[in-house]
Amino acid sequence: MLESKEVTKQFGSKTAVDHISMKLEKGHVYAMLGPNGSGKTTWMKLAAGLLKPTYGMVCFNGEPVSIESRKHVAYMSTEPYFYTWMTVKDVGKYYQDFFEDFSYDRYLTLLKQMELTENLRTKALSSGMMAKLKIAVTMARDADVYMLDEPFNGIDLLARDEIRACILSYATEEKLLLLSSHLVEEMEAIADRAVFIKEGKLIENVDLEDMRTQQGVSMADRYRQIYGHTEG
Amino acid sequence: MEFDANRPIWLQVMNALETDIITGRRKPGEKLPGGRDLALRFEINPNTAARVYQELEKTGLCETRRGMGTFVTGDETVIASARNDFIRQTVKNFLQRMAQLGETPQSAARMILREEE
């Protein structure tokens, strides 16, 4: 469904994404992992069509990503992107104007699930509530691909449970979900595959249950193996 | 349910269902939750949930009827034999641990009886 072909992005002399080639298929929940600055966010933005690659491309259903593919790819960035005067209701209306696949009914269901109400002002939201709002408004789209950058950041334990449940309820055979997070443990059970990125390069794209079955290794262990420093 | 992330999650969920079946918490012939329900209930990936039933079916403890879902087997001898296997395995694990501590099966048995009094 999403295919990254040698995709590369340079910012000046810095290579943020370095010849990443991989195929991401529908029916899977991918955890995208790597330390800060490893290129996860840049790759997501390339896949969302928000950045132009320096070299290579990302394809959605065989076509390079474009304005057209953005109709089918829901992307949640880490940056806050609502005007401060907006209420939760305004945020929904704003999205409804932008995206044909946005369902206000579904948005209401998600708000309820996340314990948010339409009359709240975004300015008054705590960071946890803001994070939940971003997820609700993104998942209210009926897209083919959902890319959530750091969905668990700054969120307390209980709200994380709500977010996990919400993500799982939209993970069907027809959808592709890609989640990036530093909170590896949060994703052990909900992701079935992991993509490890290091210094802009793809390290591996693995099946987590196969890895546990064959090597007795969790996603967190593998993370430590790949990124950990050997202590002397 | 809290998972041990180093062990396959399908195996841990399957063990939980097996325990429910052999202890009678889930009755012979009872309908089991569908794959999606199982995923939501245990908060696991839907592909992992599908694998739980694939593997559980191999043990004979459940059967999938096309278009109807997955059911606990109606064959009580299969359940009884799975229960025996579980008991034997539990005893084996216990004795292994006791052996590490330098106890023989005989001394372990005496200790159990003493605990009982």
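Predicted model: local features only at pLDDT ≥ 70, side-chain atom pairs only at ≥ 80, totals over all residues.
A residue is called buried here if 20 or more other C-beta atoms lie within 10 Å of its own, with the C-beta atoms placed from the backbone. By that criterion, buried residues make up 25% of the 117 residues in chain B, and 41% of the 232 residues in chain A.

**Overall form of chain A**

- Chain A contains eight helices and ten strands.
- Its radius of gyration is 18 Å, which agrees with the value near 17 Å that a compact globule would have with 232 residues.
- Taken along the principal axes, the box filled by the C-alpha atoms of chain A is roughly 55 × 35 × 35 Å.
- Among the contacts in chain A with a separation of 6 or more, 69% are accounted for by residues 24 or more positions apart.

**Overall form of chain B**

- Chain B has five helices and two strands, and from the N terminus on its elements run α-α-α-β-β-α-α.
- For chain B the radius of gyration is 17 Å, whereas a compact globule of 117 residues would have one near 13 Å.
- The C-alpha trace of chain B spans about 55 × 35 × 25 Å along its principal axes.
- Residues 24 or more positions apart account for 51% of the contacts in chain B with a separation of 6 or more.

**Domains of chain B**

- Chain B is divided into domain 1, covering residues 9–75, and domain 2, covering residues 77–116, and the centres of these two domains, taken over C-alpha atoms, are separated by 27 Å.
- Where the domains touch, nine residues of domain 1 of chain B are in contact with six residues of domain 2 of chain B.
- On the side of domain 1 of chain B that touches domain 2 of chain B, α1(B) gives the most, with three residues, and by class that side has four nonpolar, three polar and two charged residues.

**A sheet in chain A and the helix across it**

- Four strands of chain A form an open sheet with the order β2-β1-β4-β5 and antiparallel pairing, in which β2 (14–24) and β5 (63–64) of chain A are the edge strands, each pairing on one side only.
- Strand β1 of chain A, residues 2–11, runs antiparallel to β2(A) and is joined to it by seven bridges; A:F11 has A:K14 in β2(A) as its bridge partner.
- Helix α1 of chain A, residues 40–47, lies across β1, β2 and β4 (55–60) of chain A, and runs at about 60° to β2(A).

**Contact between the chains**

- The contact between the chains takes 20 residues from chain A and 16 residues from chain B.
- On the side of chain B that touches chain A, the elements that give two or more residues are α1 (9–22), α2 (35–42) and α3 (46–59) of chain B.
- The largest share of that side comes from α3(B), which supplies four residues.
- Divided by class, the residues on the side of chain B that touches chain A are nine nonpolar, four polar and three charged.

Note on methods. Residues numbered from 1 in each chain as written. Chains lettered and ligands numbered in written order. Contact = placed C-beta atoms within 7 Å. Nonpolar A, V, L, I, M, F, W, Y, C, P; charged D, E, K, R; others polar. Rg over C-alpha atoms; globule rule 2.2 N^0.38 Å. Buried ≥ 20, exposed ≤ 12 C-beta atoms within 10 Å, placed from the backbone. Domains from an automatic or database assignment. Pairing = 2+ DSSP bridges. Axes fitted to C-alpha atoms, helices over the stretch in contact; angles between N-to-C directions.
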